[in-house]
Amino acid sequence: MASESNLSAVLREVDNLVLEERPIPRPGKGEVQISMHAVGICGSDVHYWKKGRIGDFILKAPMVLGHESSGIVSAVGEGVTHLKIGDRVAIEPGHGCRMCDFCKEGRYNLCPDMKFAATPPYDGSLCRYYVHPADFCFKLPDHVSFEEGALLEPLSVAVHACQRAGVSIGSKVLICGADIDKGRLNKAKELGADFIIKVDPKKDSKDLANKVIDSMGPADQTIECSGAEASFHAAIYATKSGGTLVVIGMGKPVVNFPIVDALVREVDIRGIFRYVNCYPKALALVASGAVNVKPLVTHHFKLEESLAAFETSRTGAGGAIKVMIHCNKGYKI
């Protein structure tokens, strides 16, 4: 491996994404080294690139981007028995300290010492080789592609949101987030949405909520993915009394919202932070065919083309939804 390179997409500072050769990391105890294959670009990656921060997570030193990822185990550290060289794996990008009360209670996503790929100060996986705790790597069945493996990360967010919301068979669910982009709305319809509504930014939030209610009735559960304050308002108004609103989208740190409407109708408002214990469920959904994530991948780039890939993701050029970067040397598009 001495002759191999570890080409990495490094964010040096805001608007300065470059390719660098970095040392090839070796796995320690309980870790595996992974020859990276597919890495999806997340909105958070783009946000760090353009803004340098998300909330209190601030870029203060160069950082490798990327956290939606999969690859092939290329070396195994001491004590690892459930994975071997050659195994194809999806990588759950965050891991807690394993010692605090949150970790011991099974809510490791709330661990104050969480190490999460491509969240300052921790490097991500948009590189040739990456090292990660083995117990946060999940073996992919032969029929599940690397791209599907990478998409287990955003799918796990959806799984966690549905669990927090209490979504079950027969639930009437409103999802806010794709609703100002006609192309994305059409994709949602293609993938199974019963109703789609294009938001008019000039309209009042109550008007939008009324359009939702006219289409499908009040939502049992609402999942707000945009982070936009107006969408948050509409989500409250469109949720039935006694229903649940889960907020995924992170917008402004402080927002105004119609609290009295939520209180008097007992609308539960819940947050989520990433996911916890959701990767096995997300993998089972994809492997069984219950969830098809393949149509979400619209664009493919080589690692050497990372800057172009990020620009495509940022602009949505060519109807981009999920842009996938392939890190394995010699990948042909």
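**Contacts, cores and ring pairs in a predicted model**

Of the contacts in the chain with a separation of 6 or more, 71% are accounted for by residues 24 or more positions apart, where contact means heavy atoms within 4.5 Å. The structure is a predicted model, in which local features need pLDDT of at least 70 and side-chain atom pairs count only at pLDDT 80 or more, whereas totals for chains, interfaces and linings use all residues. Residues are numbered from 1 along each chain as its sequence is written, and side-chain values use heavy atoms, with hydrogens and water left out.

The chain contains 10 helices and 18 strands; these are DSSP runs numbered from the N terminus, helices being H or I with at least four residues and strands E with at least two. A compact globule of 333 residues would have a radius of gyration near 20 Å, and the chain agrees with this at 20 Å, the radius being taken over C-alpha atoms and the globule rule being 2.2 Å times the number of residues to the power 0.38. Along the principal axes, the C-alpha atoms fill a box of roughly 65 × 45 × 40 Å. The accessible surface comes to about 16,300 Å², with 54% of it belonging to carbon and sulfur atoms; accessible areas come from the Shrake-Rupley method with a 1.4 Å probe, and for residues only the protein chains shown count as cover. Of the 333 residues, 47% count as buried (buried means under 20% relative accessible area, exposed over 50% and partly exposed in between, with a 1.4 Å probe and protein chains only).

The largest nonpolar core has 37 residues, and those with the most contacts inside it are Val32, Met36, Leu83, Leu126 and Phe310; such a core is a set of buried Ala, Val, Leu, Ile, Met, Phe, Trp, Tyr and Cys residues joined through side-chain atoms within 4.5 Å. Elements giving two or more residues to this core include β1 (7-13), β3 (31-40), α1 and α10. Val32 touches, among others, Pro27, Val73, Leu83, Tyr130 and Cys137, not counting residues up to four places away in sequence. A second, separate core of 34 residues includes Ala38, Cys103, Ala150 and Ile223.

A search of the whole structure finds 5 aromatic pairs, a pair being rings of Phe, Tyr and Trp (its six-membered ring) with centres within 6.5 Å, counted as stacked when the planes are under 30 degrees apart, as edge-to-face when over 60 and otherwise as tilted. Trp49 and Phe310 form an edge-to-face pair, at 5.7 Å centre to centre and with 80° between the planes. Because Trp49 lies in helix α1 (residues 43-51) and Phe310 in helix α10 (residues 306-315), this pair ties together parts that are 261 residues apart in sequence; both Trp49 and Phe310 are buried. The rings of Phe232 and Phe257 have centres 5.2 Å apart and planes at 45°, so this pair is tilted. Phe232 belongs to helix α7 (residues 229-238), while Phe257 is in the loop between β15 (239-247) and α8 (259-264), 25 residues apart. Phe232 is buried at 11% relative accessible area, whereas Phe257 is partly exposed at 32%. Ring pairs also link Phe138, Tyr275 and Tyr279 into a cluster.

Helix α7 is mostly covered, with 7 of its 10 residues buried, among them Phe232, His233 and Ile236. The buried residues of α7 pack against β13 (173-176), α6 (205-216), β14 (219-224), β15, α8 and β16 (268-271). In the loop between β14 and α7 is Cys225, which is partly exposed at 35% relative accessibility and touches Ile175, Cys176, Gly177, Ile248 and Gly249, not counting residues up to four places away in sequence.

The charged end of Arg88 sits over the ring of Phe146, 4.6 Å from its centre; for this, NZ of Lys or CZ of Arg must be within 6 Å of the ring centre and within 35 degrees of the ring normal. Arg274 likewise lies over the face of Phe116, at 3.8 Å from the ring centre.

Most residues other than glycine have a negative phi, and most peptide bonds are trans. Arg274, however, has a positive phi near 60°; Arg274 is in the loop between β16 and α9 (279-288) and counts as buried at 16% relative accessibility. Asp15, in the loop between β1 and β2, also has a positive phi, of about 65°, and is partly exposed with a relative accessible area of 47%. A cis peptide bond, with omega about 10°, joins Pro120 and Pro121, and Pro121 lies in the loop between β10 (115-116) and β11 (129-133).
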